[in-house]
Amino acid sequence: MADTKREIERKYESDTGGLPDLTRVPGVASVAHQGISHLDATYHDTTDERLAASAITLRRRTGGSDAGWHLKFPVAPGVRDEIRAPLSDTLPAELAALVRSRVRDRPLLPVVRLRSDRDVHHLVDTDGRLLAEISVDTVHAERLTGDGGTARWTEIEVELADDGDPAFLDKVEKRLRKAGVRPSESTSKLARALAETAPGDPGTTPATAPLPATAPEAAPQRKRRSRPLGDPVTSGDHVLAYVRAQHDALVELDPAVRQDLPDSVHSMRVATRRLRSTFRTFGKVLDREITDPLATDLKWLAGELGLDRDQEVLAERLGSALAGLPDTLVHGPVRDRLTAWSKARHAGAHGHLTGILDSRRHLTLLDTLDALLADPPLRKKAGTAPEKALTKAVRKDLDKLTALVTHALELPPGTDRDIALHEARKKTKRTRYAAEAAAPALGTPAKDLVKAMKSLQGLLGDHQDSVMARQTLRELAAVAHAAGENTFTYGVLHAREERRAEIAENALPEAWASVVRDLRPWTA
């Protein structure tokens, strides 16, 4: 079973290779020598070094106190999450799954072997508490692919103790710099090894170009242009920048979803919706003959993600509502039944979702998105200035939203209005995502629209959550009744949800009027 550790460290280089007197670092009472360890690590990657391009390292290491498989994901400069699994001859399946969104079907092969002599010291305070571990590593790197180049170097590594204050590393660095030690130019040993053992000119690094992929065939007459480089300028530049950000989110959130980390499913679902909305809104920029099949797959993925996310939202809502009831209104084993329902639904949904992430349809979707970004199907409007083209597309979405809200407000309370408000909610999201994509080009007006849509989305979302909560309460009450349990509390919660929906509906006319007043430049 793998476990995760947050690693906060800094790397340095020194011409002398030794350590200065670190007892002069504020807070350090003594430096305890821990001896020398001999480490032997083999790093795995695809032949085109996809993991290295994402600053991810996957290694099998022997020696030292933590022999085993280590998978590291970057979090911030100098901060990585290290996921460990026990030592074995083959890559553990759970680690392979965590990099699947990057490597897809490509095999993971040994690419670099690093053998290090690690001289370890502990920096401790007056109470003997560990503040940081500092080591001097003498490294021998050997490339296991291509021409098999080698390299040698010495580096100093300072790793903060668990739950330590990151500011302490600043104090250590100040002392090291005074002694002539300088920060390393490489972010990791693997990055340096790949650069210094690369065939051809020394110092080259792995390519970070768009990943190769298999794309659906475009119409033969369609002239396709490569993605522009540099800051966005044209309408196409801005739309593609937004598409790329959502594509990257899908790939980067995959490991978090598999680990069931908080908010990961919701964030991935939002990325799928943003992509789908962007393809539909900016059909004058990106050819919908190419993007419509992608939108279909994105809708499918969002639906699969929703099986877990919708249940999560309902469980939180109903649990909070139940906790807010006085004990005199809680009759029967309502809490136990709600907890059992939540756990059973989540366990089943999460297991299903991990299967979806491994499915051929999902992996093909990622490959196709790669191909679209590498060779985007740009239409004529893509080459125009963004002010006119993007404004027109966003305004079109806003006009459709206006029609939906107006229609919903004209309906009497009931199922038809609930459905109409739900449609308005979906259109609100699409308008918001369109404004987000346009904001870097259009500035304040688009940012104001994003803010207004977030507010409206919250109101409509609360109403829709109430609709779904009432449906769930009716289902739970039916099961409880069949089991001979008291269903009074389910009725109380149902009545409160009805009231919440009524409040949202009553607030909607004024909220919409406020949106219209504040966004006259868009609605004129």
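The largest cavity has a volume of about 40 Å³. This is a predicted model, where local features need pLDDT of at least 70, side-chain atom pairs count only at pLDDT 80 or more, and totals for chains, interfaces and linings use all residues. Residues are numbered from 1 along each chain as its sequence is written, and side-chain values use heavy atoms, with hydrogens and water left out.

**Cavities**

- A cavity is a set of points, on a 1 Å grid over the protein atoms alone, where a 1.4 Å probe fits but cannot get out.
- Grid points are joined across faces, edges and corners, and a volume is the space filled by probe spheres set on the points.
- There are 2 cavities of 30 Å³ or more.
- The largest cavity is lined (an atom within 4 Å of a point) by L318, L322, V334, L338, L473, L476, Y490 and L493.
- At least two lining residues come from each of α8 (288-323), α9 (334-357), α13 (444-482) and α14 (488-518); helices are DSSP runs of H or I, at least four residues, numbered from the N terminus.
- This lining has 8 nonpolar residues, no polar and no charged ones (nonpolar: Ala, Val, Leu, Ile, Met, Phe, Trp, Tyr, Cys, Pro; charged: Asp, Glu, Lys, Arg; polar: the others, Gly among them).

**Largest pocket**

- A pocket is an open set of points with protein on both sides within 12 Å along at least five of seven lines.
- The largest pocket has a volume of about 1,000 Å³.
- Of its 32 lining residues, R273, H422, R425, K426 and K429 lie nearest the centre.
- α12 (415-442) is one of the helices that supply at least two lining residues, and α12 gives the most, with 9.
- The lining of the largest pocket has 16 charged, 8 polar and 8 nonpolar residues.
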